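Q: Can we go through the aromatic side chains in this one? I have the model open.

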Amino acid sequence: MFKINEIFHSLQGEGFHTGTPAVFVRFSGCNLRCAFCDTQHQTGEGMTTQAIVDEINHYPLAPLIVLTGGEPSLFIDETFVNELKLKTGKSIAIETNGTRPLPKNLDWVTLSPKTGFDGGDTEPCVLKQCDELKVVFLGQDLNQYKGIQATHRFLQPCFSEDEAQSQANMKACVEAVLRNPGWRLSLQTHRILNIR
């Protein structure tokens, strides 16, 4: 049984797969308590693997499942990933803080380490390889991520409800990408489009 915050169909709003239709499986629960987290970990429904599969299969045209949270690596294993693949026919991506080992049969790994953030330092990032490194940028030194092997590197401005702060974060992020061309800008396009 898994505690699931929500399962929904939308477009991936950020990173490499921006614009791709996907089914998002958002797990409740995380081992970190980042100040900017947008997930309500207290809420969630107990669901079996089969119930999760049944919900995903309401969206047969979406090619991608995104396991997100919270922190999905606290709950999933290779058996769970295999069941999703076999019973949905979709590719499986994960968005993780990198503090736990991952199943080897995932199709795409997005690592978003939270070290250096208020509430994100309680456990170290142990993951050293990923398809996509997506860093929420608040002015931190990017040299700390040099030891992570990533096919793609994205900097994403930290969202703030305060419009002036949000604009300042955006400006700082753009300037950081200009100074560090090994990185690309990632925007939260789902916020711009007002979709989930």
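Q: Is Phe27 buried or exposed?
A: Phe27 counts as buried, with 0% relative accessibility. Buried means under 20% relative accessible area, exposed over 50%, and partly exposed in between (1.4 Å probe, protein chains only).

Q: What am I looking at, and how are residues numbered?
A: This is a predicted model, where local features need pLDDT of at least 70, side-chain atom pairs count only at pLDDT 80 or more, and totals for chains, interfaces and linings use all residues. Residues are numbered from 1 along each chain as its sequence is written, and side-chain values use heavy atoms, with hydrogens and water left out.

Q: How many aromatic pairs are there?
A: The whole structure has 7 aromatic pairs. Rings of Phe, Tyr and Trp (its six-membered ring) pair if their centres lie within 6.5 Å; planes under 30 degrees apart count as stacked, over 60 as edge-to-face and the rest as tilted. One of the pairs is Phe8 with Phe24, stacked at 5.0 Å centre to centre and 10° between the planes.

Q: Are those two buried or exposed?
A: Phe8 and Phe24 are both buried.

Q: Which ring does Phe27 stack with?
A: Phe27 stacks with Phe75, at 5.8 Å centre to centre and 5° between the planes. Phe75 is partly exposed, at 33% relative accessible area.

Q: Which residues are in the ring cluster?
A: Phe2, Phe27, Phe75 and Phe80 are linked into a cluster by ring pairs.

Q: Switching to charges: what sits over the ring of Trp183?
A: The charged end of Arg153 does, 5.4 Å from the ring centre. The cut-offs are NZ of Lys or CZ of Arg within 6 Å of the ring centre and within 35 degrees of the ring normal.
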